[in-house]
Amino acid sequence: MKRRDFLKKTSISTAGAFAAPYILPSGRLFAPTGSQLVQHVVLVMFAGGVRQQESVLQQYLDGSQENEPYPGNIMYNMLNGAPPEQKIVFGTGEGGINPIPSLLNSTLQSQGTLFPEVSAFSAGHYGGLNSILQGSTVTTQGLKQKPVNPTIFEFLRRHGGYSATDIWFVGNGIGNSTPLLNYSAHPDYGAQYGANFFAPLVTFGENGQEFLADAKVYHPENELSPMYKLKYFLDNTFEQYGSRLETLGNTEEEKQSIKLFMDEMFAKTLNNSIAHPAVSDNGDLRTVGYACELMNWFRPALTVVNLGAVDQCHSNFTGYLAALHRADHAVGHIWNYIQSQVPDMANNTAIICTPECGRNSDPNPILDTNEWRAYDHSDENALRIFSLMAGPTIPSNLMVGNEDNPVGRISDTMMTVADLLGVKPEVQAAGTVSPGTMSLLDQI
Amino acid sequence: MQAFKQSSIVLLVVLLSATACRKDPPPTFVLNEVELYPSGAGKTKLKSNEQYVAILFTNLFQAALSPNDIFDVNNCIESIGDKELAREVIISNFMNDPDVLLPTIEEMQADPDQFIQDTYVRFLVRRPSEAERTYLRNTIETDPYMTPELIYFSFALSNEYMYY
């Protein structure tokens, strides 16, 4: 070997030896510059709007209906406060007269920090979800449109080195924009950094049972491997013409794991053994059951769960109260399940809960079966929300801000997740978040 | 003598007129049958989920999927973030259906070139290039696990199959 060749090869080998430890699974060269505060984050979004009056203000009927002076807390897994004593309509049984028992020994509020008065940017559907996931204020973004700016999913995968199955978005359905929120149309990010997504009630529901559940099981090496090899050959040939499909970048191993998970979910659905909450009489609660199964299987770094039943408040106030009570039951179940059933996530998971927007201060004319008025979301009251978080490194039994002193903005949720999982500096540097967006942890 | 000359001239005229240029028969034009297929380069439009499922079902079953079923399968695809994985699971389901129409391994091995040609035309609506034909023929001849089912699977999952 010539001396020049020897020196060249030696230099390359040496550089490789130094660089190799820093190459992350995602292919990026350097680890994120922020410090990771927890191993896992669960973000629960209440889509469609929750009034402050029935949530953190605990006014129950007293704050919404005339001549119904009955206050009380119907979210007692999350919030401190006594439940209503009369006119109980939000529970189970005929007329909803049996409140669902609390699942937690102490509320999330006492275990963590509550921001009771947070500002939302948008009172419309999906504007809030987009703000939560993008940390920005693109309120003009239309329905059925991919997020314009990169989402927290993409920041984590691109800058944090998380794999596709580390990052999950669990939707309450496939309507409107929900299935589009797992990655943005931003040219520097996009599908390759997107989150895996399931809308479990569809995937594992009737449609899924008919067209997905009976999948033939192929041998990974003898059958799937040559099949993929030929597919890649065909794709490479086609790429010469310039067309390339967007993919989430699940590896073959990750795909196999997802397929095995799906098989198990189909079997458990038929056996009625999904990890549903004690009460699972609406879509949100059943969605949460699958989300728990998913966390147990994949141990994701980030799991975002979108619940949407509260939005029936447009026409059914009684139903809204029941959905809000169940959303609280869902959150209690998630937290309880993580701490008791998923040892790898217990004690190193943070949870954040926030609505995408509030609801109006004045009702619309629609009356429900109890002759109670319904509420839309379009006025200033609809820009009032709360944010509750708990877990390691998050101060316990702390309340930050109040009605006269709002602290926090909806976009802060995204920066808080970035902070907890160690990519806050990269998100700040990207310049796509709304000016002034801060981690809630930095506002304590 | 004079008579001989005249006879010779007449004979010459007769001979010349008998051997002169003949008129060609009128030409007859015919069309050869040639099947034309688009090339891969012309495929620039992405199929919708509904189009994909309808065409896939037709390719695998030689029958049409009902509009209601197309709608339901689309819901399944929408409910899964990794669309390629969703398609993979749907193909796996179709392959588990006893009504799926697949060539046998013996048929494939008896005439690999014909099988390759038919597969390209069926799924990609074009003929294979010589390089593609060679690669696939080698795969069929050397990989003992390669079956028509797996080849159909690859084609149905390929990126080119997603475009038209």
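Predicted model: local features only at pLDDT ≥ 70, side-chain atom pairs only at ≥ 80, totals over all residues.

Modeller: Residues are numbered from 1 along each chain as its sequence is written, chains are lettered from A in the order in which they are written, and side-chain values use heavy atoms, without hydrogens and water.

Biologist: How many aromatic pairs are there over all chains?

Modeller: The count is 30. Rings of Phe, Tyr and Trp (its six-membered ring) pair if their centres lie within 6.5 Å; planes under 30 degrees apart are stacked, over 60 edge-to-face, and the rest tilted.

Biologist: Why is the pair of F204(A) and F266(A) called edge-to-face?

Modeller: The ring centres of F204(A) and F266(A) are 5.2 Å apart and the planes stand at 70°, so the pair is edge-to-face.

Biologist: What makes F204(A) count as buried or exposed?

Modeller: Buried means under 20% relative accessible area, exposed over 50%, and partly exposed in between (1.4 Å probe, protein chains only). F204(A) has 2% relative accessibility and therefore counts as buried; F266(A), at 4%, is likewise buried.

Biologist: Why is the pair of F123(B) and Y152(B) edge-to-face?

Modeller: Their centres lie 4.9 Å apart with planes at 70°, so the pair is edge-to-face. Both F123(B) and Y152(B) are buried.

Biologist: Where does the charged end of K47(B) sit?

Modeller: The charged end of K47(B) sits over the ring of Y161(B), 3.9 Å from its centre. The definition requires NZ of Lys or CZ of Arg within 6 Å of the ring centre and within 35 degrees of the ring normal.
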